[in-house]
Amino acid sequence: MEANQVLVFAAIAQVALTFFVAFVLFARRVAEMKQRKIHPQKIATSVQSAEVMEDIRASDNFKHLFEVPVLFYFLCACLLSTNTSSIYLSLLAWVFVGLRYVHSYIQCTHNKVMPRFYAFAASSLTLLVMWVLFAVDQIGKAIGIH
């Protein structure tokens with residue numbers, strides 16, 4: 001399998017995580033609303049939802065999947081469009097995705113802050129390394145080093 005395919009499959013895995021958490025969020029929210037007889041209008045905003053709902057772990061995690069991972073998706077697009085992905089960057093992409101799965105698992109289950117923070121920090125550091133490698137490669141090409 002070539003580096004581009006490995007990278008694309010990592011991005012697909014990240015998208016799959018986002019949809020999975022969306023389904024978990026939907027199932028938990030509907031179940032709690034039915035059980036506690038919460039009218040949908042009572043949770044019209046995120047502030048209202050946080051005040052009314054007892055379990056907002058999946059909701060919080062779903063929001064987090066549209067924060068740092070956006071930089072991952074953009075980097076994947078940049079790597080593919082410039083045809084500069086490498087097996088190293090593709091493997092780092094899988095490390096990032098794996099750590100995001102760990103982060104989501106922790107947040108959607110026991111939600112222990114420090115383990116969740118470590119997964120977040122490690123995934124963010126992995127993504128930073130990927131961006132630095134990409135930027136150095138692009139700058140090198142721009143000034144004629146590569």
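In general terms, a disulfide is a covalent bond between the sulfur atoms of two cysteines. The structure is a predicted model, in which local features need pLDDT of at least 70 and side-chain atom pairs count only at pLDDT 80 or more, while totals for chains, interfaces and linings use all residues. Residues are numbered from 1 along each chain as its sequence is written, and side-chain values use heavy atoms, with hydrogens and water left out.

Buried means under 20% relative accessible area, exposed over 50%, and partly exposed in between, using a 1.4 Å probe and protein chains only.

On to the helices, which are DSSP runs of H or I with at least four residues, numbered from the N terminus. Helix H1 takes in residues 3–36, 34 residues in all. From first C-alpha to last, H1 reaches 49 Å, close to the 50 Å expected at 1.5 Å a residue (the expected span is 1.5 Å times one less than the number of residues). Lys37 has a positive phi, near 55°, in a residue other than glycine, and is exposed at 73% relative accessibility. Asn83 also isn't a glycine, yet has a positive phi of about 55°. Asn83 sits in the loop between helix H4 (68–81) and H5 and is exposed, with a relative accessible area of 58%.

How do helix H3 (residues 57–64) and helix H5 (residues 87–108) cross? Their axes come within 8 Å and cross at roughly 155°, which makes H3 roughly antiparallel to H5 (over 145 degrees, by the cut-off used). Axes are lines fitted to C-alpha atoms, for helices over the stretch in contact, with angles from 0 to 180 degrees between N-to-C directions. Residues making the contact (heavy atoms within 4.5 Å) include Arg57 and His64 of H3, and Arg100 and Cys108 of H5.

Leaving aside neighbours within four places in sequence, Ser123 is in contact with Phe96, Leu99 and Arg100. Ser123 is buried, with a relative accessible area of 0%.

Notes. Helix = DSSP H or I, 4+ residues; strand = E, 2+ residues; numbered from the N terminus. Parallel < 35°, antiparallel > 145°, perpendicular 65-115°, else oblique.
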